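Hello,

Here is the structure I promised to pass on. Have a look at it first, and my notes follow below.

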Amino acid sequence: MRRCVEGSIEKSDELMGEEECVSSGETIAAISTPSGEGAIALIRISGPEAIAIADRIYRGKENPSQFPPQLQHFGEIVNGEQLIDQVMLSVHRAPASYTGEDLVEISCHGGILISAKVLEACLHAGARAARPGEFTERAFHNDKLDLTQAEAVIDLIRAQTDLALRSATEQLEGRLGDAIRKIRDGFIELIAQIEASIDFPEEGIAPDETDKLAARLDSIREQISRLLATAEQGRILREGVRVVIFGATNAGKSSLLNRLLGFDRAIVSTIPGTTRDTIEEVINLRGVPVRLLDTAGVRDSQDDLEREGIARTRRSLQTADLLLHIADRNAPRPQDFAERVTDQPTIVLLNKSDLPEHPDWENEEALRISCLTDDGLRGLEEKILETITRGNLRAQSSVAINTRHRDCLRRALESCNRARDAMKDAPALEFISVDLHDALKAVGEVIGEVGTEDILDSVFSQFCIGK
């Protein structure tokens, strides 16, 4: 089915006849490069009036409507009689453009005011300011990419490691979408055969044919299960491994965070209770995205702000993938130290190895480090990577689903399981068909073949304006 955006309505081929798949008639414009100063800023215009709007604001040897596609031309952008900037402008005619519509790209100088003035000229000439993600949303509705590929665009922008980048690239190329379509095609074939037997009962389905249907369904279930197994890897690729640094006050938590980051992010002080809130930063630890959280020191306190910080520390501990429990080896061992060790993967650190060790720590199995001299920090990185790998927290595959995909595939697998259970008994084909239709719908939601506007709005609202 092709889709065409008309307000919020999707129209099928049967309703559209031979119509081209176009936008709602509105032409949108936005600055596509990040805010701030730079060498170049890019302004995009997309929609049925994009080229006409370019004709109104561009001054050069030829009008943009006369340009051959995909070639840049030098000229000037004007707003009325006012010259704004000298630019390079290119025209991309539908359907051979990112959005599938007529698209104009204007490269101007990268000043904040200049790019804003060029956008203002576009809006004054008849364009509407684009919503976040609206260019990619139009590409999706015009069948330039499926919903997994649209999500890959934002993953590509946010990638912080080589593996995350490769995963987003392969998803953008359609690898995940192809896997989903294969599953979807399998459901369609199963449903077609089952509903044919319902519509033509005189044909019947022999027991051996029922066994074949069950085997085909089992194959589909296995494919879904393999994709679901990548959900945790997908979380790590997109969000990073959550590593929480915790311990008593003045143990060196903030100093450790600064050392691992390579710059002073947290305030370090000898005054207990300096850190009142969790501080979060991401590092690339040899290809693994690690989300470090520095927390407030755990102790009894009468200060309301510090108590709230300690409460946040405890909440962070519950959601951590790995804990770094740090203590001051120069000080006596706290009586409740062992009680603070949880069932989660934990690395115990004794800080201040540049100072004498208190006898209490003599037999403690821990990694000795010094945040002052960097002693032991290389070994800490190795230990973190070893623990991540041992706990299967390190993403190994570049194909990994996100939370939305996981929820859709879980619903699909549950429907498959109901259908499979029904096949074990004397099969009630009507009930099996209903369950398989539910599974088909859930799988289709992954790539956007079916779904609601709420799902699409949730996906595209994550984008920046201009993408």
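To start with a question: is glutamate 76 buried, partly exposed or exposed? Glutamate 76 is partly exposed, with a relative accessible area of 22%; buried means under 20%, exposed over 50% and partly exposed in between, with a 1.4 Å probe and protein chains only.

Before the rest, please keep in mind that this is a predicted model, in which local features need pLDDT of at least 70 and side-chain atom pairs count only at pLDDT 80 or more, while totals for chains, interfaces and linings use all residues. Residues are numbered from 1 along each chain as its sequence is written, and side-chain values use heavy atoms, with hydrogens and water left out.

Now the overall picture. The protein has 15 helices and 13 strands, which are DSSP runs numbered from the N terminus (helices: H or I, at least four residues; strands: E, at least two). Of its 467 residues, 47% are buried. Contact means heavy atoms within 4.5 Å, and among contacts between residues at least 6 apart in sequence, 63% join residues at least 24 apart.

Next, the cores. A nonpolar core is a set of buried Ala, Val, Leu, Ile, Met, Phe, Trp, Tyr and Cys residues joined through side-chain atoms within 4.5 Å. The largest one has 33 residues, and Ile180, Phe187, Leu217, Ile224, Leu409 and Leu436 have the most contacts inside it. Helices α7 (175-199), α8 (207-228), α13 (403-424) and α14 (429-447) each supply at least two of its residues, and α14 gives the most, with nine. Apart from this core lies another, of 27 residues, including Ile245, Ile283, Leu322 and Leu324.

Finally, the charged pairs. There are 28 salt bridges, each a side-chain nitrogen of Lys or Arg within 4 Å of a carboxyl oxygen of Asp or Glu. Glutamate 76, from my opening question, pairs with arginine 59, the closest N and O atoms being 3.0 Å apart. Arginine 59 lies in strand β3 and glutamate 76 in strand β4, so the pair ties together parts that are 17 residues apart in sequence. Arginine 59 is partly exposed too, at 38% relative accessible area.

Arginine 181 has two partners. One is aspartate 146, with the closest N and O atoms 3.0 Å apart. Arginine 181 lies in helix α7 and aspartate 146 in the loop between α4 (134-141) and α5 (147-158), so this bridge ties together parts 35 residues apart in sequence. Aspartate 146 is buried, at 6% relative accessible area. The other partner is aspartate 178, at 3.4 Å between the closest N and O atoms; arginine 181 and aspartate 178 both lie in α7, three residues apart, about one turn of the helix.

Enjoy exploring it!
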